[in-house]
Each structure stands twice: as structure tokens, then as C-alpha cells.
Amino acid sequence: RVRFVQWALWYHGYGRPQLQRLPADGSAGSRELLLAFSWLLHRPGLLEQLLAQSRVQTGDHTSVCTCEDDVPESQEGPGEAGPEGRVDVRYLQWLHGRLRLQWCSLHAQHQEQCKLLHKIHSFTSGSHMDQNLGHFSVTEADLIRHPENYKQLLQLLESETTQLEAFLEWKQLEPVYWQWMETVLDDMAEEGNMCESQDADVEKRRLPEVTSCCPWAARLAGQMDRLSRDLLALQEQLHQLVAQRKAAWWEKVAAREELQKERFSAAARKAQESTELKLRGLTSLCAPQKTRMHGLCRLVLRNKQPASKVASGQCVSKEAAAALRAAEVIRELQLREASLQRELQQLQQQCRTRLDGIAEGLEGVICISP
């Protein structure tokens with residue numbers, strides 16, 4: 001368990017080495033665990049994640065994300081992989097095929113789930129007390145078929161209410177906790193400085209004790225002094241060599257700047273073309289920010305009502321007015337797909353150009369592009 005906790009914290013970004021040095025039997029390290037727990041409270045938002053996972057879902061929800069993905073662009077030219085970094089292309093193709101197969105099966109299961117949800121929503125339409133919903137969810141339909149399960153649902157709701165009350169109480173007392181943690185950090189920093197000073201004093205005392213007791217210590221100290229002088233001389237030579245190499249490198253860079261002007265203009269033209277392609281989709285992406293949604297949304301079946309009913313004085317709630325229609329999400333995803341397709345075609349063309357350049361340098365080899 002201790003090793004698993006250390007590994008999990010390291011995986012999530014907690015890189016304090018003192019925690020990794022704790023004994024595996026759990027006999028020490030209570031303050032290190034306290035620091036790690038405080039980091040989990042602050043950095044990943046542990047309590048919020050636990051509340052989101054333990055939330056009782058009485059309705060049918062689905063995840064919707066209409067945000068732009070902040071994917072970092074790749075650097076120009078991939079890094080050269082060493083001998084240990086080589087991967088067989090056939091293995092990558094097999095992995096790609098396996099992922100496509102699993103994606104297709106997942107998509108088929110999601111379509112089947114959507115069909116079943118549509119049946120439940122359409123069959124129970126007009127039965128719900130809330131007019132904004134109008135139909136039952138899967139949980140509510142199951143409670144109608146099996147009324148004896150309402151006790152279990154009631155217990156889950158009571159447990160969630162208790163957790164929310166505890167979370168609200170924690171939010172009120174949270175500043176006190178962080179003030180206490182500041183004092184804990186200050187104490188640990190002072191103890192760390194004292195330990196470092198004690199270790200330095202011990203290191204300083206070791207050499208005189210050895211020289212006074214051992215007759216060969218003086219000779220060994222002289223050899224160490226000579227080695228230190230040799231190391232300093234080598235370090236100076238290394239600095240001089242690095243300075244010479246840097247000067248030669250900057251001379252080469254200055255000489256190649258004129259030759260790269262034409263390449264720069266060609267790269268600028270390519271960048272301008274790609275920018276123009278991306279600007280074509282800006283008219284669709286300039287929609288109001290209220291359509292940008294991320295997270296869980298409840299699935300509600302909306303039938304198209306005639307205009308006479310809407311104009312007859314029915315009041316529409318704020319929740320219904322702020323709802324996200326499936327047609328809007330589909331339209332926006334289609335626009336996003338078209339933009340990604342254009343970017344994919346551009347990257348494919350760049351890969352073909354680069355492969356053609358590599359093939360020209362191979363003698364006696366004929367490369368036929370797919």
C-alpha cells in the first residue's frame with residue numbers, strides 16, 4: 001500500500017523526494033503524508049472530484065464538449081530516436097486497427113443505448129410532473145417497475161446530502177487549515193536547514209580526525225588536491241572549447257541566413273495558406289460563447305411544438321431557454337470535422353513532400369506514393 005501510494009502521488013505530479021524515501025512498513029512519515037494530502041486537496045481538487053463521482057444521477061445524462069482542444073503544435077522536424085526507441089511499423093498498424101475496432105464497437109453500443117433511451121422517453125412522454133422534462137428517465141422508470149427500490153435510492157440521496165453538508169462545513173473552516181499548514185511547512189523548512197548544517201559540520205570534522213589517526217591520510221589528501229587542480233584545469237579547457245564551438249556555430253548560422261531567405265519565404269507562403277484555410281471557418285466559430293459547453297447535460301426529449309402553442313401565453317423557464325439542442329451540437333461538430341479534415345489534408349501533403357525529398361536522396365530505390 002505504501003509503495004502504491006508513493007507511485008500514485010508521483011504519477012499525479014507530486015515529486016517530493018522525501019515521500020519516496022519513506023520506509024515501506026509505514027513506520028514513519030506522518031507529516032510527509034499530511035503534506036501530500038494537502039497537495040491533493042489544493043492541486044487536483046480531490047474533494048470536488050469525489051463529490052462529482054459520488055453524485056446520484058436520477059436523470060439521463062450525456063457528456064457534451066463544444067470547446068476547442070488546446071493541442072500543442074508539433075515541432076518542426078521530429079527528434080531522432082535512438083536504437084532503443086525504434087518501433088516496428090507493423091505493430092503500430094496493428095494497434096491502430098485494434099483501436100479502430102474498439103472504437104466501432106463502442107460507437108455501436110452507444111447507438112444502441114440512444115435507441116433504448118429514445119424508446120423510454122417517447123413511451124413515458126407526458127407522464128412527468130415537471131413540464132420542462134415531460135418524460136421519465138431510466139432511474140424513474142425502474143422505480144415505477146420496482147417500487148421497493150426507492151429505499152435504496154433514498155439512502156443514496158441522504159448520503160449525498162450528508163457529503164454536501166460536510167463539504168460546506170469544510171469550506172468554512174478551510175482558511176484555518178491552510179494557516180496551520182503554513183506553520184507546518186515553516187517547521188519542516190527549519191528542521192531541514194538544521195539537518196543540513198549538522199551534516200556539513202560532520203563532513204568538516206571527518207577529515208582532521210582521519211588525518212590525526214592515519215599516517216597515510218596526508219599522502220591521500222595531497223593526491224586529492226592534485227586531482228582537484230587537474231579537474232579545474234580540465235574545466236577551463238572545456239569552457240574554452242565550448243566558447244570556440246559556439247563562435248564557429250554562430251558563424252555558420254550567419255552564413256546560412258542568406259541562403260535560408262528563400263526557404264523562409266516559401267514557409268511564409270505555406271503559413272499564409274494554412275491561415276487562410278483556418279480563417280474560412282471563423283464565421284461559424286464566432287458564435288456566442290454561451291454555446292460553448294463542457295460537462296454532463298441531461299437528455300430531454302423535445303418535440304417540435306407548433307407556433308400557436310408557443311404564442312398562446314405559455315411561459316418558458318430559464319433552464320429550457322438555456323438548453324442545448326442536439327441539432328446545434330451536430331452542426332457545430334460537423335463544422336469542426338470539416339476544419340480538422342482540411343488540417344489533416346494539409347499535414348498529409350506536408351508528409352508527402354517530405355517523403356519525396358527523402359526518396360530523392362536514396363540511390364537505386366524507387367518509391368511509389370500511395
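Read along the sequence, this protein runs α-α-α-α-β-α-α-α-α-α-β-α-α-α. That comes to 12 helices and two strands, where helices (H or I, at least four residues) and strands (E, at least two) are DSSP runs numbered from the N terminus.

A word on the source. This is a predicted model, in which local features need pLDDT of at least 70 and side-chain atom pairs count only at pLDDT 80 or more, while totals for chains, interfaces and linings use all residues. Residues are numbered from 1 along each chain as its sequence is written, and side-chain values use heavy atoms, with hydrogens and water left out.

Now the whole chain. Of the 370 residues in the protein, 13% are buried, meaning under 20% relative accessible area, with exposed over 50% and partly exposed in between (1.4 Å probe, protein chains only). The protein exposes about 31400 Å², and carbon and sulfur atoms supply 58% of that; the areas come from the Shrake-Rupley method with a 1.4 Å probe. Among contacts (heavy atoms within 4.5 Å) with a separation of 6 or more, 66% are between residues 24 or more positions apart.

Two residues to look at. Is serine 38 buried or exposed? Serine 38 counts as buried because its relative accessibility is 4%. Serine 38 sits in helix H3, residues 30–42. Apart from neighbours within four places in sequence, serine 38 touches Tyr177, Trp178 and Met181.

Aspartate 186 belongs to helix H7, residues 150–213. With 46% relative accessibility, aspartate 186 is therefore partly exposed.
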